[in-house]
Amino acid sequence: MKVRIAVDAMGGDNAPKCTVAGAIDAARKSHGRFEVVLVGDRKVIEEEMKHHLLIKDLPITIEHASQKVEMHESPSKVFRSKPDSSIAVAMNLHKEGSVDAVVSAGNTGAVMASALFMLGTAEGVLRPAIGSFMPHEDGVCLMADVGSVVNCKPQHLYQFGVMGSIFMNYVLDMKSPKVSLLNIGEEESKGTEVIQEAYQLLEDSDLNFIGNIEGRDILTGKADVVVCDGFTGNVILKFGESLARMVSKTMKKTIRGNLPGTVGMYLIRPSLRKLFKLFDYQEYGGAPLLGIKGTCIIGHGSSKQRAIKNAVEEAWKMVTEKVSEHIEKQLAKRKGE
């Protein structure tokens, strides 16, 4: 059975141009693996699709939604006042089984609220987590949570470790990923009571838990999964996003009008491209919402074509690898011990 992935065509700062283009790009490269369902204003989507050639036979359909959620709108108000928004319609398609996953670069809070209310959490999951990729010296690690749960209990942090480990194992093909707990020191006795209790839960589990790591260790590749509360994770994520931009702008200012610097920059340009590519969120598609009863990828608000295409691919991998089912199974196993 072919996987069907709903893409919120109206969500994001660059919608519908980039969301439609990214969905078309994904459909071109699907090779029969999945079908894309564009959700949003049918006339607007059809008009946007006219800018693309050779799309007649692509596995793309349109599902009409008369309303659009703006990025600044309150998630709680949106859920009540816009039942026919592209986010709500996409989630409802997932709930009724018409699609297998949802990809949206729209209002993060609204996407989360819709997923929780319409899909619910996977069995055994206390609170879902948003996982986000962070680059390091040898590849990427997954940080969970980056905004879903601000005030965490020890059990929440333990479950974030379980869900992050499963994601990295099945989606990134990383066997026995190294799970860590973000703390102010490596010693077991460091941190708050919540962190210390979470440490014990993770240590007693069958995860490949390597203990505490500090903020400086995130970019070294010491861990594959970094567990933290949503407040801390979101701060680190936003800081990381600004880092590459700051480095790029500083380098340009430094060499401006400097002939030796300009020549040197030209010579190392290939290496710089590889470096900045590591920090480019578009390379990783989007952030998986782990722990819901289904599959949802939340894209960056400024996602462009490449990010949407990669997010669709990521959603397909999560569906085919049955990530949600593995999470339920693992947590049920722990509960029965």
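How exposed is Arg-4, and what is its relative accessible area? In this predicted model, Arg-4 is partly exposed, with a relative accessible area of 25%.

**Salt bridges**

Side chains of opposite charge can pair when their charged atoms come close. Searching the whole structure gives 10 salt bridges. One of them joins the side chains of Arg-4 and Glu-35, with an N to O distance of 3.2 Å. Arg-4 belongs to strand β1 (residues 3-8) and Glu-35 to strand β2 (residues 34-40), so this pair ties together parts that are 31 residues apart in sequence.

A second salt bridge is formed by the side chains of Lys-222 and Glu-186, at 2.9 Å from N to O. This pair also links distant parts of the chain, 36 residues apart. Lys-222 sits in the loop between β8 (208-213) and β9 (225-227), while Glu-186 sits in the loop between β7 (178-182) and α7 (193-204). Lys-222 counts as partly exposed, at 32% relative accessibility, and Glu-186 counts as partly exposed as well, at 39%.

Lys-190 and Glu-187 also form a salt bridge, and their closest N and O atoms are 3.4 Å apart. Lys-190 is partly exposed, with a relative accessible area of 32%; Glu-187 is likewise partly exposed, with a value of 43%.

| Arg-4 | Glu-35 | 3.2 Å |

**Contact of α1 with α2**

How do the axes of helix α1 and helix α2 cross, and at roughly what angle? The axes of α1 (residues 17-28) and α2 (residues 42-49) come within 10 Å and cross at roughly 65°. The crossing in which α1 passes α2 is right-handed.

Which residues meet in this contact? From α1 come Lys-17, Val-20 and Ile-24, and from α2 come Ile-45, Glu-48 and Met-49. By class, the contact has 4 nonpolar residues, 2 charged residues and no polar ones.

Terms used
Residues are numbered from 1 along each chain as its sequence is written. This is a predicted model: local features need pLDDT of at least 70, side-chain atom pairs count only at pLDDT 80 or more; totals for chains, interfaces and linings use all residues. Side-chain values use heavy atoms; hydrogens and water are left out. A salt bridge is a side-chain nitrogen of Lys or Arg within 4 Å of a carboxyl oxygen of Asp or Glu. Helices (H or I, at least four residues) and strands (E, at least two) are DSSP runs, numbered from the N terminus. Buried means under 20% relative accessible area, exposed over 50%, partly exposed in between (1.4 Å probe, protein chains only). Axes are lines fitted to C-alpha atoms, for helices over the stretch in contact, and angles run from 0 to 180 degrees between N-to-C directions. A crossing is left-handed if the near helix is turned anticlockwise from the far one by less than a right angle, and right-handed if clockwise. Contact means heavy atoms within 4.5 Å. Ala, Val, Leu, Ile, Met, Phe, Trp, Tyr, Cys and Pro count as nonpolar, Asp, Glu, Lys and Arg as charged, and the others, Gly among them, as polar.
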